[in-house]
Each structure stands twice: as structure tokens, then as C-alpha cells.
Amino acid sequence: MSKVYLLDYDAGNWQSLVNAIEKLGYSIEKIKNPDDIAKADKLILPGVGHFKHCLGKLEEFMPAVLKHIEAGKPFMGICVGMQALFAGSSEDPSQLGFGLIPGKLERFDDARKSVPHIGWNSANTSSKSFYDLRPESKYYYVHAYKYPYTPGELEGQGWTVATGVYGEETFVGAVARGNVVATQFHPEKSGAAGLRVLRSFLSGEGQKTLGQTARGAGAPTGGLTRRIIACLDVQADEAQGKPIVTKGKGYDIREESGDGGGGNIRNLGDPVELAQRYYEQGADEVTFLNIKGFRVNPLGDQPMVEMIKRAARRVFVPLTIGGGIRDSTATDGSSVVPALTIADKYFEAGADKVSIGSDAVDAALEYYANGRRLSGRTAIEQISAKYGCQAVVISLDPKRVYVASPDSDGAETGTTEHKHHTIRTKHAGPAGEQHCWFMCTKRGGSEDSTVDVVELARAVEAMGAGELLLNCIDRDGRGGGFDLELVAQVKAAVRIPVIASSGAGCPAHFADVFELEPAAAAADAALGAGIFHRGEYTVGQVKEYLAARGHEVRVVEEDV
């Protein structure tokens with residue numbers, strides 16, 4: 001079995017890359033010492049996270065990596081591994097890159113679009129032999145900083161270039177020259193299309209067929225697709241303690257019993273098998289929410305860790321895990337284990353993002369109590385600092401609080417001294433109220449707070465969260481559609497991507513949330529759970545409906 005060497009410098013989720021490489025029939029050896037790079041034939045530099053964090057750890061490896069490249073040995077950089085090849089980044093101007101490519105990365109303009117750029121986009125190139133990149137394929141990107149594409153600039157330095165388009169900005173999606181190839185997208189998380197790119201590098205075919213003449217970007221073949229996420233609510237069954245997928249009407253996950261009481265937990269199947277099914281149907285991401293995470297010490301929750309490991313070996317799109325990711329007491333009660341340590345375990349198992357829920361409410365309360373000053377101690381700040389904002393998703397559980405008028409806001413909850421962000425609603429309250437605000441809850445909706453959804457969204461954005469998973473207590477499990485007013489209010493409040501959740505009952509509901517007006521109010525992604533678990537519709541059918549309405553979606557390709 002041929003071997004590939006992977007630079008392991010404590011940055012990002014390398015396990016997903018390991019799984020992809022092993023699927024293609026290659027073995028892995030991790031390199032943690034710069035001196036060991038000399039023995040590497042094929043070398044891959046992966047990375048997700050902050051430029052400063054990653055490049056700071058790479059500094060001692062730089063001379064050996066550059067020597068490897070100068071020797072003509074195959075080298076591949078992925079995401080931050082591509083960014084490392086440039087001279088620097090505005091993410092931290094003080095941190096130098098490898099300097100193999102002059103120029104510095106810049107942040108995407110967030111004036112008219114969400115940043116980070118998260119989702120499936122093209123890699124346009126005029127070369128027909130660029131590491132098996134195909135114009136009809138989509139690749140998974142997740143980054144806030146990019147190198148702007150200027151026609152002829154990199155080509156003049158001998159690079160063949162592929163580009164992506166986000167809004168009005170064209171950026172470098174991949175580069176190749178001689179023995180070097182680097183991608184801004186994650187091939188290990190780009191399904192069959194990404195596995196083809198990896199195989200082209202590992203086999204040597206990509207370098208062999210690249211050609212002698214540098215080629216620029218081809219004609220644009222589309223931009224960011226509509227992202228459909230399959231969500232699995234997971235908890236241990238009551239018999240064997242194994243993770244199962246469950247779902248209920250609202251938040252009631254138990255079967256109805258003949259005596260009117262609650263029966264057994266509703267078991268909809270094995271989470272890994274369902275995740276693979278949705279991956280094969282075309283799900284762009286899969287999210288696992290451990291709905292008992294706030295009652296189980298996550299350090300002792302080994303079945304969830306094993307579940308992620310199994311899923312990551314079979315599902316080659318991004319995986320998110322949520323539930324219990326907070327500072328916790330060690331299983332022996334001797335010490336407190338930081339949330340970052342718990343997140344580390346999930347990333348090491350193969351997760352790409354972590355979702356934080358109730359802890360975000362507490363963090364927001366502290367943020368406002370401290371005059372909107374960041375403490376640096378919250379789970380959000382610590383995980384974001386290490387893995388990048390794109391690795392931190394905040395799961396919000398708001399519910400409607402109806403008020404007679406904006407002036408009476410807060411009276412029903414005894415918080416008249418605090419004015420919340422009210423809206424005029426098209427859905428009148430039980431007493432005919434025409435206004436409401438959205439209260440953020442904790443513990444899966446069982447505990448109220450004084451924080452409204454706008455306040456929470458802005459607080460976690462300031463802390464470094466990269467994405468919001470916007471649930472809705474009032475809509476969950478009812479199949480009546482997403483709360484469009486809630487989505488529009490949150491989208492107007494933040495610049496980071498928003499995922500609409502709770503209430504999907506048919507493909508038209510996904511179109512509704514993507515077609516909100518103005519366009520800036522539309523969700524960046526939409527999530528479905530029960531609609532898929534119960535077999536009412538497949539992910540593919542939702543995408544077919546969206547495509548028929550003119551939306552760009554990722555099409556499932558034949559597996560490698």
C-alpha cells in the first residue's frame with residue numbers, strides 16, 4: 001500500500017483527511033517533527049483555523065517544507081494549507097506565510113453577503129487537466145479570507161489557477177505549478193468530486209497531466225449553491241445506551257401510550273446509517289445534535305465520540321456535532337475540563353464543526369453585563385481562536401413572546417426595564433397581539449431567558465462564532481414551514497451565515513426560506529430532520545424542487 005505523509009501540527013480536523021485518503025487505498029504517516037519531513041515522498045499540509053494560530057505552529061516546519069518543495073517532491077496544501085503558501089494575510093498582518101506566492105489574503109466583503117463563505121462552490125479553470133477538476137462539479141469551501149483573482153497575475157508566475165465566485169468577488173480556489181497543488185476548498189469534504197482531486201494528487205496523475213503552460217480561470221460555471229443540511233437528533237436508547245435518532249412533535253420524543261402517558265423514546269434508526277443515506281441522497285452537510293448533552297458528562301459520552309468516528313469514515317461532507325460542549329467536571333470529579341478540550345475530542349474523531357447551545361445564552365448574558373467586552377474565556381472564543389470561526393456554530397432556540405405593542409415589550413416576562421427587539425407580525429397572538437419578540441431559551445426549550453434572539457446573535461458573532469443554527473420552539477416538529485419572520489430578523493442583525501431550522505414539511509418550505517425578500521433576508525442554508533427521517537421526502541427531491549425553481553444546487557456524483 002502506497003504511503004502519504006500528513007503534516008500534523010495541531011491545527012484543524014486532520015481525521016477527515018485521513019479517512020478520505022484511506023478510502024482511496026493509501027496509508028498515512030503523520031509527521032510531527034520537522035526532521036521527519038525529509039523522509040516524505042508525498043506531503044500534505046491541511047489546516048483550518050486562524051492564520052496566526054496555524055502559521056505560528058508551522059514556523060518551525062517552514063524550512064523543511066520549502067526544502068521538500070524545492071526538491072521536486074509532490075506537495076499539497078488544503079485550505080489554510082493553501083493560504084500558507086502566500087506571503088501573508090490581513091487576518092493577522094504580523095504573521096508571515098511561506099512566501100512561495102507573493103501577495104496577501106484579504107477578508108471577503110460582508111456588506112452584501114454573509115462571511116465566512118461557507119458551502120459548495122465551483123472551481124473554474126480553463127485547463128482540462130487540473131487535477132481532475134470538473135466544471136459541473138461543486139466543492140466545499142469554508143473560509144473568511146481569500147486571495148482575489150487578477151487575470152494573468154499568478155499565471156505570470158507559472159501557476160495554473162482555478163477560481164470561485166462569491167457575490168461580486170472572484171477568488172483563487174486552487175493553484176498548481178510543477179510538483180505543488182493547493183486548494184482553498186476541502187477535497188476530503190467535497191464528496192466524490194473532492195475524492196477525485198485527492199486521488200489525482202496521490203496517484204501522481206495530476207502533476208503528470210498538468211501541462212507545461214500556466215492556465216487561468218475558465219468561464220464562471222455558477223456560484224454558491226443552496227445548502228441543504230440533514231439534522232439528526234441523537235440520544236442514547238434506554239435499553240442498551242446506544243445512540244439512536246429520535247424526533248417528536250415539538251420537543252416530545254416519546255411514543256404515545258394507550259394510557260395517555262409517555263411511551264418509549266421514538267427510535268428512527270441508527271445515526272450513522274441515516275447519515276450515510278442522506279449523504280448518498282445529496283445532503284450538503286450532516287448535523288448530529290446530542291439532545292441529552294446537557295444531562296450527560298460529555299467526557300464520559302464515548303458512544304457519541306464513536307458515532308462521529310464511524311460517520312466520518314463513511315460520509316464525506318461536513319459533520320457538525322452539538323450537545324454538552326461546555327466547561328465540564330472530569331468524570332472523577334477532580335477538575336474542570338475546558339470546553340475546548342471536549343471540542344478537541346470531537347474534532348479528533350472526525351467532526352468539522354461544533355454546535356454550542358445553552359452555554360451561548362450564558363455567555364451572552366455575561367457579555368452584556370460586562371459592557372459588551374469580550375472575556376476570552378468563553379467556549380466560543382476559545383474554540384474559534386484555535387479552529388477558526390467557521391468551526392463554531394451557535395444553536396439558538398427562540399420562541400415567540402407576543403406583546404400588545406412595542407411599548408409594552410417585556411411586561412409579560414417582568415422585564416419592562418429592558419426593551420427587546422420587537423417586530424410587527426403577520427401571525428397574531430392568542431389575544432390578537434400584532435407584535436412579538438423572540439426569547440432565547442435554554443435546555444432544549446425548557447428554560448427561559450431574558451435574552452432576545454437579536455441580542456444573542458450579535459453577542460456570539462462578536463465572540464467569534466461563524467454560523468447560526470436558527471431553531472424555532474414554536475415550529476419544531478410541526479411541518480408547517482420555517483418561521484420566515486424570525487429568519488429575516490436575524491439575517492438583518494448579523495453578517496455571518498444563518499441556517500434556517502424547525503418546521504420543514506415539504507420542498508416548498510425550503511424554497512420559501514431561500515426566496516425571502518429582500519434577497520439579503522434569505523437564509524444561507526436550510527435544515528430538515530423529521531421530513532427526511534419519516535421518508536416523506538428525500539434530500540434529492542428537495543433539491544429537484546429547488547432546481548426547478550431556478551436555484552443552484554449541488555448534484556450527487558458517482559462515488560469514487
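Visitor: Which residues of helix H3 are buried?
Guide: In this predicted model, helix H3 spans residues 62-70, and its buried residues are Met 62, Val 65, His 68 and Ile 69.

Visitor: Where do those buried residues fall, seen down the axis of H3?
Guide: They fall within an arc of 125°, so the buried residues line one face of the helix.

Visitor: And which exposed residues does the face turned away from that side carry?
Guide: That face of H3 carries Pro 63, Lys 67 and Glu 70.

Visitor: What is the phi of Gly 72, which follows H3?
Guide: The phi of Gly 72 is positive, near 85°.

Visitor: Changing topic: how much space lies in the second largest pocket?
Guide: That pocket holds about 630 Å³. Its lining consists of 26 residues, and those closest to the centre are Arg 112, Lys 113, Ser 114, Ala 519 and Asp 524. Strand E10 (160-166) and helix H13 (484-493) each give two or more residues to the lining.

Visitor: How do the lining residues divide into nonpolar, polar and charged?
Guide: The lining of the second largest pocket has 13 nonpolar residues, 4 polar ones and 9 charged ones.

Visitor: What is the mean pLDDT of the chain?
Guide: The mean is 89, and 90% of the residues reach 70 or more. Over residues 411-417, however, the pLDDT is below 50. Beyond near neighbours in sequence, that stretch has 10 contacts in the model.

How values were computed:
Residues are numbered from 1 along each chain as its sequence is written. This is a predicted model: local features need pLDDT of at least 70, side-chain atom pairs count only at pLDDT 80 or more; totals for chains, interfaces and linings use all residues. Side-chain values use heavy atoms; hydrogens and water are left out. On a 1 Å grid over the protein atoms alone, a cavity is a set of points where a 1.4 Å probe fits but cannot get out, and a pocket is an open set with protein on both sides within 12 Å along at least five of seven lines; lining residues have an atom within 4 Å of a point. Grid points are joined across faces, edges and corners, and a volume is the space filled by probe spheres set on the points. Helices (H or I, at least four residues) and strands (E, at least two) are DSSP runs, numbered from the N terminus. Ala, Val, Leu, Ile, Met, Phe, Trp, Tyr, Cys and Pro count as nonpolar, Asp, Glu, Lys and Arg as charged, and the others, Gly among them, as polar. Buried means under 20% relative accessible area, exposed over 50%, partly exposed in between (1.4 Å probe, protein chains only). The arc is that of the directions from the helix axis to the C-beta atoms. pLDDT is the predictor's confidence in each residue, from 0 to 100. Contact means heavy atoms within 4.5 Å.
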